[in-house]
There are 2 protein chains.
Amino acid sequence: MESRHYIRFLFFFVGIATLLAITWNNLPYAPPDATEDFDCTTYSSWCTSKNRFQSKPLKEPAKSTSHHHDHASDTPHHPLDPLTVKEINRVRTILTSHELFKNSFPYAFHSITLQEPKKSLVLNWNKGDSLLPRKASVVARVQNISYVLAVDLTTEEVTVHETDSSSGYPAMTIEDMTSSTWAPLADEEFNRTILERGVDLKDLACLPISLGWYGEKEENRRLIKVQCYSMKDTANFYMRPIEGLTILLDMDTKEVLEITDKGKNIPIPKAVNTDYRYSAQGFVIEDEHLVKWANWEFHLKPDPRAGAIVSQARVRDPDSGEIRNVMYKGFTSELFVPYMDPTDAWYFKTYMDAGEYGFGLQAMPLDPLNDCPRNAHYMDGVFPAADGTPYVRSNMICIFESYAGDIGWRHAESPITGMGIKEVRPKVTLVVRMAASVANYDYIVDWEFQTDGLIRIKASTAYENMNQISNQAENLFGTLLSENVIGVIHDHFITFYLDMDIDGSDNSFVKVNIKRQETSPGESPRRSYLKADRNVAKTEKDAQIKLKLYDPAEFHVINPTKKTRVGNPVGYKVVPGGTAASLLDREDPPQKRGAFTNNQIWVTPYNESEQWAGGLFVYQSKGEDTLAVWSDR
Amino acid sequence: MESRHYIRFLFFFVGIATLLAITWNNLPYAPPDATEDFDCTTYSSWCTSKNRFQSKPLKEPAKSTSHHHDHASDTPHHPLDPLTVKEINRVRTILTSHELFKNSFPYAFHSITLQEPKKSLVLNWNKGDSLLPRKASVVARVQNISYVLAVDLTTEEVTVHETDSSSGYPAMTIEDMTSSTWAPLADEEFNRTILERGVDLKDLACLPISLGWYGEKEENRRLIKVQCYSMKDTANFYMRPIEGLTILLDMDTKEVLEITDKGKNIPIPKAVNTDYRYSAQGFVIEDEHLVKWANWEFHLKPDPRAGAIVSQARVRDPDSGEIRNVMYKGFTSELFVPYMDPTDAWYFKTYMDAGEYGFGLQAMPLDPLNDCPRNAHYMDGVFPAADGTPYVRSNMICIFESYAGDIGWRHAESPITGMGIKEVRPKVTLVVRMAASVANYDYIVDWEFQTDGLIRIKASTAYENMNQISNQAENLFGTLLSENVIGVIHDHFITFYLDMDIDGSDNSFVKVNIKRQETSPGESPRRSYLKADRNVAKTEKDAQIKLKLYDPAEFHVINPTKKTRVGNPVGYKVVPGGTAASLLDREDPPQKRGAFTNNQIWVTPYNESEQWAGGLFVYQSKGEDTLAVWSDR
């Protein structure tokens with residue numbers, strides 16, 4: 001209650017600790033000519049250069065999908081609306097004629113997203129006001145240097161920030177990932193190796209795997225590791241690895257730098273019996289992105305890195321009728337997935353799904369009636385390809401009203417009182433969902449809004465295909481799942497960014513410690529009881545939280561300037577769900593990079609640039625720009 | 001994998017740690033003549049002697065309830081079916097002519113339930129076989145001695161076990177609770193005290209509160225404490241306590257032993273603005289109790305102490321078509337709710353809801369469409385009153401198919417593979433629900449069955465009415481919730497009994513510890529990784545589990561004699577949900593009684609009599625018969 005103006009947003013992570021593994025990796029192999037087959041209206045999740053949105057609208061009508069929206073003429077309505085097709089094309093036009101790009105080759109746009117207006121301007125903006133100046137934030141690499149650019153769409157002004165020389169590259173582009181899967185085929189030794197392992201080239205599926213950072217010899221160039229599988233007789237090729245074979249590739253030159261094959265004697269698993277194929281609109285969405293349901297309203301947008309971003313969540317007070325601020329912004333900040341096998345083909349698998357691959361980029365179109373129920377509304381993403389051309393990621397997010405038959409509130413009085421009270425209110429919620437298919441596992445992230453004001457974030461790897469291999473014959477790094485297939489132990493840590501603005505921006509973080517008190521002799525027949533101590537965090541250190549089961553605490557974000565009728569500050573309680581801790585050595589390279597998992601909750605003062613818990617440029621970074629570094633600073 | 005024949009069932013508890021309190025207590029006050037108003041067909045949750053089932057069926061048709069079933073002619077179909085109206089009447093007839101009861105007064109039946117046949121007989125019984133001999137297990141008190149009796153309904157043989165002299169009484173009867181609320185009115189000093197506090201007797205509501213055990217002076221008689229409230233101008237009388245007033249009553253003689261009033265200067269809160277009033281049958285239930293849904297089947301019955309009991313849960317193997325055993329029996333074994341205020345009017349509030357009040361007895365009829373959705377089926381309980389007369393607790397359990405719009409399983413392959421795979425299966429589950437209204441909070445316990453074989457038990461105090469008072473003006477034992485009302489800190493610990501029989505009764509308990517391993521210098525670019533160590537529990541001590549966030553483990557119940565295709569034992573993983581630990585001093589009287597919360601998981605060898613984690617006779621017990629005692633023995 002004492003402090004204020006202090007703490008504005010917090011990060012917290014939930015870990016999904018899975019023992020019986022799965023692997024992580026990314027894009028399955030595509031032979032170079034297979035790209036001819038795609039049609040963006042059907043496969044908009046994975047658009048190729050042939051089918052991208054050009055500056056004019058599509059001529060043909062939409063193919064049969066349950067939802068189609070012609071995005072070519074989209075216009076923004078709200079300051080936080082994502083960039084439209086027209087705006088991305090405009091950014092591209094402005095930049096390609098800019099001197100940095102005009103005479104330079106190669107260059108690639110790693111991301112083009114809305115640069116959100118200053119928070120104060122957004123907070124003052126009202127519907128009907130003229131839109132705030134639209135700006136784009138662009139991450140680009142030009143002749144192997146990373147740049148962060150701001151493009152003003154009105155004035156066409158371009159601001160260029162060359163990034164400093166510290167480690168880390170932008171998240172891969174889709175082109176980076178795709179080309180890395182077939183680039184090794186240009187190498188004769190690679191082809192020979194595959195054939196020696198008894199795999200026909202037509203059955204080959206290769207995956208691009210980010211390599212983390214493990215010392216000097218991997219510095220100063222953009223590298224990737226590639227591992228391959230046999231697709232023969234199975235859709236579930238993850239069960240048929242060419243174990244022990246790892247290719248180190250220069251992602252820029254596509255040159256094969258090294259082929260390691262330590263698995264010549266390991267048979268390729270048969271993968272028998274491991275196939276898995278099976279062959280009420282209560283809300284309003286205004287202006288494409290403003291969701292209004294029950295007493296809630298919030299802005300929702302797809303993002304190529306974060307997946308879904310919820311902004312300006314507000315809830316209507318049932319008594320006063322007043323609309324009250326709850327959260328300025330919330331999204332999935334980073335995912336850290338370290339595998340637990342230190343051997344050559346596995347040690348580097350310590351993925352950062354958002355910063356290395358793009359969590360939103362991996363979100364496949366949701367499947368109506370299966371991924372989301374009948375009454376769902378779907379929202380598309382509009383993202384740029386590496387050359388800046390926009391394409392549509394259709395049905396990327398769904399929004400639906402959910403009633404599971406659960407009870408929201410109840411109290412029944414015993415009939416003996418004669419009061420005859422039985423008050424029960426069914427629990428109906430609004431769910432915002434995205435599902436990212438990250439190779440052989442699928443993340444589902446749900447934001448669930450309750451009428452009582454609660455916001456619940458659920459992250460799950462809903463029935464992963466639990467299969468991956470190890471080069472160990474023994475049950476050492478996992479459990480045997482199918483013939484010759486071992487599940488390697490690994491963790492999934494998911495970190496959320498939550499900028500809470502409860503009844504305004506001046507919020508404090510309160511830790512309520514529950515402690516045992518002993519009574520004095522004779523004071524009471526009880527020897528002990530529990531007491532709650534409230535402590536307002538005064539420094540960032542105070543707000544680095546390690547959960548302790550036997551030294552429990554509650555965590556409140558309060559507005560000390562707003563009181564309830566009886567004088568308590570208004571606030572929200574932050575309740576971690578399935579929690580986990582990283583047990584890795586703090587000095588282990590993956591843990592330095594994933595240092596944001598050293599605590600389960602961190603609260604830092606508002607800083608517009610600190611959004612990505614693993615840093616802006618995560619790829620191959622050493623961890624100089626993580627949440628842990630900001631918080632200690 | 002090594003050991004077998006060892007461990008058969010386990011207890012584990014989840015704690016709902018609520019900081020912002022509520023109180024616990026039980027039956028609101030009823031003036032003695034108010035009981036005239038009840039009609040069992042409407043208020044079957046709370047039947048009085050005038051409206052109980054007599055030996056002949058009801059003559060009038062059922063009143064308007066969404067579901068009515070004439071239980072007078074019920075017959076058992078399955079060996080585990082609960083006692084019917086006819087059978088309870090028969091037990092009563094047999095016992096009232098038995099020499100123990102014939103010439104004795106007073107006596108009371110504290111429970112009359114099915115004495116389940118030996119497990120081996122039940123396992124060998126098949127539908128169509130003649131029913132196994134029906135027996136009743138009776139807990140009775142005769143002239144202040146507690147007895148456990150077995151009554152054979154065929155032979156009329158009665159076996160009498162007088163209980164030993166150790167502490168503890170049976171759970172209160174409903175008559176005990178009801179009469180305790182009005183008994184103080186016979187005491188002049190009590191009446192005077194109420195008037196002195198400014199409360200009109202017509203506005204008085206009193207609650208019977210179990211007192212635990214706090215030393216010798218409370219031994220050798222059945223006591224209860226009574227605290228009172230004003231109902232004036234509110235339905236939410238819990239907000240209007242007559243604070244500081246506690247009456248100690250002899251439950252057998254109804255004599256007021258002591259009136260303590262330490263609250264003469266504490267005003268009765270006004271309770272302004274605290275009122276809360278608001279003005280697909282995919283499954284089959286055979287023979288009233290055998291539930292069949294999707295690939296599941298299980299037996300379900302209401303129980304006055306446990307609430308709902310799930311037996312013989314079995315799941316059909318999708319590959320072999322074979323029905324496989326999963327769990328022999330599961331139920332809520334005990335609930336422990338210690339409050340955290342050591343002062344006179346509060347220290348003893350350390351409730352055991354199942355063993356002191358009867359968790360099933362407190363289950364009020366579920367409210368169709370609000371408590372359970374449209375497609376729900378309802379199951380009634382048939383329980384005996386203290387004189388042995390059966391009555392119907394209608395709509396006590398509901399069973400329904402739930403679809404929340406969630407995803408059961410998914411995997412989408414990147415379209416670049418050309419495989420065009422997108423497999424998503426919606427998550428549809430079967431839910432078994434009961435809701436116990438325990439004074440001003442309502443517990444909801446759901447057993448949820450998934451088609452993938454998972455069983456989830458969810459316990460919640462769904463929107464409790466978060467109000468209770470303390471005699472402290474300062475924010476010492478809780479938080480100010482409304483004018484003059486403080487929420488006293490307390491915990492809810494709920495312990496479940498799970499007799500797992502995975503593919504048969506020979507199951508083992510395996511603890512899988514996840515430990516950090518450091519690599520040797522030069523072995524790997526990684527410094528550390530995690531390794532799983534499997535340890536089969538060899539003693540009960542090995543299977544006393546304290547959860548540790550930073551020393552994590554998984555818990556498996558396996559059948560070491562049955563292997564999967566690749567040689568792993570079949571098994572289930574036990575995944576604790578919201579977990580908590582009791583922080584009370586181990587020597588504190590409430591913690592000795594609630595010692596089953598000293599560990600989160602206990603596994604003990606099968607022993608038919610060890611079902612109730614707090615002991616058979618919990619009321620006023622010192623804790624000599626808890627799970628902690630059995631496990632250490």
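**Note on the chain B sheet and the aromatic pairs**

1. Strand β19 (residues 441–450) of chain B is joined to β20(B) by six bridges, and the two run antiparallel. One of the bridge pairs is I444(B) with S460(B), the latter in β20(B). Strands here are DSSP runs of E of at least two residues, helices are runs of H or I of at least four residues, and both are numbered from the N terminus. Two strands count as paired if DSSP finds at least two bridges between them.

2. This is a predicted model, in which local features need pLDDT of at least 70 and side-chain atom pairs count only at pLDDT 80 or more, while totals for chains, interfaces and linings use all residues; side-chain values use heavy atoms, with hydrogens and water left out. Residues are numbered from 1 along each chain as its sequence is written, with chains lettered from A and ligands numbered from 1 in the order in which they are written.

3. The open sheet in chain B has five strands in the order β16-β17-β18-β19-β20, with antiparallel pairing. Its edges are β16 (377–384) and β20 (455–460) of chain B; each has a single partner strand, so one side of each lacks a neighbour in the sheet. On average, neighbouring strands of this sheet are turned by 25 degrees against each other, direction ignored.

4. Helix α1 (residues 85–96) of chain B lies across β16 and β17 (390–412) of chain B and runs at about 5 degrees to β16(B). Contact means heavy atoms within 4.5 Å. Axes are lines fitted to C-alpha atoms, for helices over the stretch in contact, and angles run from 0 to 180 degrees between N-to-C directions.

5. Over all chains there are 34 aromatic pairs. Rings of Phe, Tyr and Trp (its six-membered ring) pair if their centres lie within 6.5 Å; planes under 30 degrees apart are stacked, over 60 edge-to-face, the rest tilted. Y214(B) and Y347(B) are edge-to-face, at 4.7 Å centre to centre and 85 degrees between the planes. Y351(B) and Y357(B) have ring centres 6.2 Å apart and planes at 55 degrees, so this pair is tilted.

6. Y214(B) is buried at 13% relative accessibility, and Y347(B) is buried at 4%. Buried means under 20% relative accessible area, exposed over 50%, partly exposed in between (1.4 Å probe, protein chains only).

7. The charged end of K349(B) sits over the ring of W346(B), 4.0 Å from its centre. The criterion is NZ of Lys or CZ of Arg within 6 Å of the ring centre and within 35 degrees of the ring normal.
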